[in-house]
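Have the viewer open while you read.

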Amino acid sequence: MTNTSTQFLSASTLTGDKVKNLNNEALGELKDIMIDTQSGEVSYGVLSYGGVLGIGDKLFAVPWDALTVDGENKCLILNVNKDRLESAPGFDKDHWPDFADPGFEDRVRQYYSQL
């Protein structure tokens, strides 16, 4: 029996999936999933955008609740246009933010709550 439900997926199933917006424009791919080890909840999806073959790409911490899993098309949906994403607070692969910093969480959540 095959289970086609997207309610429960392994992190490795989602990592590497494309991220698109509601206009079906490519926004990048899901590079990682950040789990709050205190609550056990998924807090962020780390989105990679731009660059070529992973070089020069910018990373974004996107609140998990801003992403929707599209199981039928095997991608994630983020309701943001490309210009807005490019202006989002981001980081590079060698300088990850302190996800536990309340200031970081406030800035990121505020940015994506304006969508």
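This is a predicted model: local features need pLDDT of at least 70, side-chain atom pairs count only at pLDDT 80 or more; totals for chains, interfaces and linings use all residues.

## Ground rules

Two strands pair if DSSP finds at least two bridges between them. Strands (E, at least two residues) and helices (H or I, at least four) are DSSP runs, numbered from the N terminus.

Residues are numbered from 1 along each chain as its sequence is written, and side-chain values use heavy atoms, with hydrogens and water left out.

Strand S1 (residues 18-20) and S6 run parallel, with three bridges. Further along, S3 and S4 are antiparallel over six bridges, with Leu47 bridging to Phe60 in S4. Phe60 also has Gly90 as its bridge partner in S7; S4 and S7 are antiparallel, over two bridges.

## Around S6

Strand S5 (residues 67-70) runs antiparallel to S6, joined by four bridges, and Leu67 has Leu78 as its partner in S6. The S5-S6 hairpin has four residues between the strands, and Lys74 takes a positive phi near 50 degrees there.

In a regular strand the side chains alternate between the two faces of the sheet. In S6 (residues 75-78), Cys75 and Ile77 point one way, Leu76 and Leu78 the other, and all are buried. Buried here means under 20% relative accessible area, exposed means over 50%, and partly exposed is in between (1.4 Å probe, protein chains only). S4 is mostly covered too, with five of its six residues buried.

Axes are lines fitted to C-alpha atoms, for helices over the stretch in contact (heavy atoms within 4.5 Å); angles run from 0 to 180 degrees between N-to-C directions.

## Lys82

Setting aside neighbours within four places in sequence, Lys82 contacts Asn21, Glu25, Ala26, Leu27 and Tyr49. From Lys82 to Gly28 is 54 residues in sequence and 10.0 Å in space, C-alpha to C-alpha.

## The largest pocket

The largest pocket has a volume of about 270 Å³. Of its 16 lining residues, Ile35, Asp36, Ser43, Tyr44 and Phe99 are the closest to its centre. A pocket is an open set of points on a 1 Å grid over the protein atoms alone where a 1.4 Å probe fits, with protein on both sides within 12 Å along at least five of seven lines; lining residues have an atom within 4 Å of a point. Points are joined across faces, edges and corners, and the volume is the space filled by probe spheres set on them.

Strand S2 (26-35), strand S3 (42-49) and helix H3 (102-113) each supply at least two lining residues. By class, the lining has seven nonpolar, four polar and five charged residues. Ala, Val, Leu, Ile, Met, Phe, Trp, Tyr, Cys and Pro count as nonpolar, Asp, Glu, Lys and Arg as charged, and the others, Gly among them, as polar.
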